[in-house]
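Subject: Structure handover

Hello,

Here is the structure for you to look at. My notes follow below it.

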Amino acid sequence: MSTDTAARPASERTDGTAPAVEVRDLVKRYGRSRTAAVDGLSFAVRRGEVFGLLGPNGAGKTTTVGVLTTRVTKTSGLATVAGIDVAADPVGARAVLGVVPQRPNLDRSLDARGNLVWHAAYHGVPRARRRALADELLDRMGLAEKASTNPDELSGGQAQRLIIARGLMHDPQVLFLDEPSTGLDPQARLFVHDRVTELAASGVTVVLTTHDMDEAAKLADRVGIVDHGRLLALDTPSELVAALPGEATIDLTLTGADVGALRGRLTEVRGVAGVEEIAGEAGLDGGATHLRVSVDGEAGAALPPVLGTVADAGATVSQVELGEPTLEDVFIDLTGRGLR
Amino acid sequence: MSAPATGVPATGAPARSAGPGQGRAFLGVLGRDLAVTGKEFGTFLSQVLMQPFFLLFVFGVVLGQLGYVTPGYAQLLLPGLLALNAFFVAVQATAIPLVIDFSYTKEIEDRLLAPLSTRLVAVEKIVFGASRGLFGSLVMIPVGYIVLDEVTWDLSGLPIAAVLLVLGSLAGGAAGLCIGTLVSPRKINVVFALVITPLLFTGSTQFPFLQLGNLRWFQVICALNPITYVSEGLRGALTPSVPHLAGWVCLLALVAACALFGVIGIRGFVRRALD
């Protein structure tokens, strides 16, 4: 990931050394509601990073993005984008951020190109540049043939791509994507994912909210897991998974061992959280034993010592299956199984 | 501001800063509204002309020919219809799109995210509505001259008439902003029936305000309608022989209406725009 400052023309008004996004003790309470939608949230996003805000529905993700994009007024705390306090200088903040909202909000009085060209006009892009820029972005988003199409006639995926193109028309330093691939087919999702990766490579900071684990694991350099308006965890996807206690599994099929003794010895191996015998299908494997070893962190890391211990016990392993935990396990572990 | 080779295009961010940028953003947002009106110009024109044309035709021509109204009536009616259109076209141009935008389509969001203060976006809505209202009122002049037989204007009153029309359009745009931000889409029909229709007939459009002495209660109601002051002011400027309110009263009342509706409307707009 590039930590751009030279690559992109940072606006003169922004602080080049400040984090791309900073949220400190942010609280948002809507109207007369007694519970806070965002309840003391703090995190910082580095420049050029893809940052994922992960959480169940109603966790406060969209509200947080709303505050950062100047559409929601905070109750207390601090929120900055490119070093600009969004509450104190919303106009300045709007010049350096781009938004891809959860719900399509394209201007249906204008065609696809018009949406881009007028967006550029709102942002003071010189008239001479607008059209060329719009055509360039339409092309990049695979919409060159849809330039004169009304947004009503675009598919969900095309509309989403057009919205992303619109968000980029004024060359923002930070792009906010609120659930960018909800409701898209796999092809459109992949396309959007590729564009996000490309953007990050070109130095744009990307903040995306999602409840799609795979999307977060795939795109985000770091993930903040949020629930009830609070930050529960913040790290790279792999570190989050690695920190998960006893979620990875090593399933062993073995013969020739004193199962009781072996279980005892395996339990003492470092990183092993538990061992249990699982019932095999009787008759099919001729008296083989099936053991499930739960390990902390990644299963692969614990495999050599586990196999070593099995060999020391004189058993023969006929099959090994690794069950790696995913970000989803981390998510469920932190936010619970209850429906929202 | 070199052209980008690949990746994200550079648009010259260093050249932009908040101060002068807001003026450009304002013009951009206004330009969008005007461009959309331009694209739908035919629809817009028919929308603007239909109602006043028929009012003009029935009251000015049909009833005159049948002998139910006196010959001088057209002279009184035309300024009233200019006033009516200035205010009404502005109200509709501002109110209806806002109700839909805020409640359903959210199409206005991209403009709310422009580097422009939210209040100025509201002001743009007023200015745009007013420009449509002003246009809607000006096109009534040739129509009136064509349809009506006897219209003679005191041309020395044109400058003051122009000021009155601008103020009336702005008041209409501001009133439209109030309606557009305070009324929910489910109630917009009711509001239009309960507010718009009475406004249509209490604006001293079809009668001179000062001659309502025998209908005092109705006169009081008419005094609350901003259109009254546009109609009366225009009569004072263009057809001074028709009894009319003093010009300064009309100007003062319209400035007050602009300020009142403007403050309420802009507040309502900011409340709807920000959570």
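A residue is buried if 20 or more other C-beta atoms lie within 10 Å of its own, exposed if 12 or fewer, and partly exposed in between, with C-beta atoms placed from the backbone. Asp25(A) has 13 such neighbours inside 10 Å, so it counts as partly exposed. Asp25(A) has a positive phi of about 50°, yet it is not a glycine. Most residues other than glycine have a negative phi. Asp25(A) sits in strand 1 of chain A.

His228(A) also has a positive phi, near 50°, and is not a glycine. It lies in the loop between strand 9 (222-227) and strand 10 (230-235) of chain A. Its 16 C-beta neighbours inside 10 Å make His228(A) partly exposed.

Some background. This is a predicted model: local features need pLDDT of at least 70, side-chain atom pairs count only at pLDDT 80 or more, and totals for chains, interfaces and linings use all residues. Residues are numbered from 1 along each chain as its sequence is written, while chains are lettered from A and ligands numbered from 1 in the order in which they are written.

Chain A overall. Its secondary structure comes to 11 helices and 14 strands. Helices (H or I, at least four residues) and strands (E, at least two) are DSSP runs, numbered from the N terminus. Of the 340 residues in chain A, 47% are buried. The C-alpha atoms fill a box of roughly 80 × 45 × 40 Å along the principal axes.

The sheet. Four strands of chain A form an open, antiparallel sheet in the order 2-1-4-5. Strand 2 (38-45) and strand 5 (84-85) of chain A are at the edges with a single partner strand each, so one side of each has no neighbour in the sheet. Strands pair if DSSP finds at least two bridges between them. Strand 4 (residues 76-81) and strand 5 of chain A are joined by two bridges. Thr80(A) has Asp85(A), in strand 5, as its bridge partner.

Chain B. The axes of helix 3 (residues 73-105) and helix 7 (residues 158-182) of chain B come within 7 Å and cross at roughly 25°. Axes are lines fitted to C-alpha atoms, for helices over the stretch in contact, with angles from 0 to 180 degrees between N-to-C directions. That crossing makes helix 3 of chain B roughly parallel to helix 7 of chain B (angles under 35 degrees count as roughly parallel).

Best wishes

Key
Parallel < 35°, antiparallel > 145°, perpendicular 65-115°, else oblique.
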